[in-house]
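Colleague: I'd like to learn how to read a model like this one. Can we go through it together, feature by feature?

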Amino acid sequence: MLEVRILLTTCNSYVLGMAYGPRVPEYLLKEMECPVCRDYMVPPILMCKNGHNVCSKCRGRIRLCPTCRDNFIVTRNVALENIVRQQEFPCGNKERGCTALFSIENIAEHNDVCGYAKTKCPLRLINCCSWEGHKNNFKEHVQEVHGEYIVYNPTFHCQVLSRNVMFVSHFGELFTYHKRRKDGIYYCPVQLFGTSSEAAKYECEFKLMAANGKDGISSKFSVSSYSEDFETIFNSGMCLRLDGKTAQKFLVERDLNLTITLSKL
Ligand SMILES: [Zn+2]
Ligand SMILES: [Zn+2]
Ligand SMILES: [Zn+2]
Ligand SMILES: [Zn+2]
């Protein structure tokens, strides 16, 4: 650590032992970013034959080095790992006003919850709202503007067959349920406005019942965080998928007979 700090004092106004204020110069922070996912690299940091770095998460997903297209070797960049472990990193929403600094272990978790992160209202999915703003102000926005879309009971019916969005206010939290179409299939995730680890404390059960009141199906899924994007949820299969043919079996007078129950694990 000592060598690193001394090195930094020579290339910037970095003051040895300073508790806050400018940390690593911008160009050195760039060196700690993964060229694939653009996140700061959490050790182990892996290398290609020519010494380019990549984070371990991305290494598993690519065959060749994204910088030089050469092969990877089974070697870690231990020196860079040590530097990374001793740094404090600025939040990704620095430009929007978040001044917090985090260790490499905690920065990802913070990015999930940072109140300065930009978020969009899910009602944009049904062309009802174009609100976009700081996460901090989102719950207030929903309560003020979308009262008619909120249910307060953890068990609720959802009869809309096409795209739709609802909010559930319960357990002292705010959730959203949406139904969204992709390649002819409806995807129905339930998401918590909170971190992934908070979301992991909940599950949702979907019950579809035919008009005869006897034939039904039920399946349970975990709740995801609203900060997880749709592609991840679609691809992970972590939500109810409903094709047109199945949906037809559970129609009661043209309404979908779907009941959703949210529960705490
Ligand atoms: Zn990466
Ligand atoms: Zn390379
Ligand atoms: Zn932040
Ligand atoms: Zn809205």
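Colleague: Which domains is the protein divided into, and how many Å apart do their C-alpha centres lie?

Modeller: Keep in mind that this is a predicted model. Domain 1 covers 2–113 and domain 2 covers 118–264. Their C-alpha centres are 36 Å apart.

Colleague: How much of the model can I trust, going by pLDDT?

Modeller: pLDDT is the predictor's confidence in each residue, from 0 to 100. Here the average is 86, and 91% of the residues score at least 70. Be careful with residues 1–22, where pLDDT is below 50. Beyond near neighbours in sequence, that stretch makes 12 contacts in the model.

Colleague: And the overall build? How many helices and strands are there?

Modeller: The protein has 9 helices and 20 strands. Its radius of gyration is 23 Å, well over the 18 Å that the globule rule gives for 265 residues, so the protein is more spread out than a compact globule. The C-alpha trace spans about 75 × 45 × 35 Å along its principal axes. Of the 265 residues, 22% count as buried.

Colleague: Where is the largest nonpolar core, and which residues have the most contacts inside it?

Modeller: The largest core has 29 residues, and those with the most contacts inside it are Phe175, Tyr177, Cys188, Leu192, Phe206, Val223 and Leu262. Several elements each supply at least two residues of this core, including helix 6 (138–145), strand 11 (173–182), strand 14 (202–209) and strand 20 (258–264). Another core, of 11 residues, lies apart from it, with Cys34, Met41, Leu46 and Phe89 among them.

Colleague: Now strands. Which residues of strand 12 are on its covered face, and which on the uncovered one?

Modeller: Tyr186 and Cys188 make up the covered face of strand 12, while Ile185 and Tyr187 make up the uncovered one. For its partners, look at the bridges. Strand 12 pairs with strand 11 in the antiparallel sense over 3 bridges, with Ile185 as the bridge partner of Lys182. Strand 12 also pairs with strand 17 in the antiparallel sense, over 4 bridges, and there Tyr186 has Leu242 as its bridge partner.

Colleague: What should I look at in the hairpin of strand 11 and strand 12?

Modeller: Check phi in the turn. This hairpin has 2 residues between the strands, and Asp183 takes a positive phi near 50 degrees.

Colleague: Why does Asn127 count as exposed?

Modeller: Asn127 has 8 C-beta neighbours inside 10 Å, so it counts as exposed. Its phi is positive, near 55 degrees, although Asn127 is a residue other than glycine. Glu253 has a positive phi too, of about 50 degrees, and it counts as exposed because it has 7 C-beta neighbours inside 10 Å.

Colleague: Last one: which residues does the cis peptide bond join?

Modeller: The bond joins Pro43 and Pro44, with omega about 0 degrees. Pro44 sits in the loop between helix 2 (26–31) and strand 1 (45–48).

Key: Residues are numbered from 1 along each chain as its sequence is written. Chains are lettered from A and ligands numbered from 1 in the order in which they are written. This is a predicted model: local features need pLDDT of at least 70, side-chain atom pairs count only at pLDDT 80 or more; totals for chains, interfaces and linings use all residues. Domain bounds come from an automatic or database domain assignment. The radius of gyration is taken over C-alpha atoms; the globule rule is 2.2 Å times the number of residues to the power 0.38. A residue is buried if 20 or more other C-beta atoms lie within 10 Å of its own, exposed if 12 or fewer, and partly exposed in between; C-beta atoms are placed from the backbone. A nonpolar core is a set of buried Ala, Val, Leu, Ile, Met, Phe, Trp, Tyr and Cys residues joined through C-beta atoms within 7 Å. Two residues are in contact if their C-beta atoms, placed from the backbone, lie within 7 Å. Two strands pair if DSSP finds at least two bridges between them.
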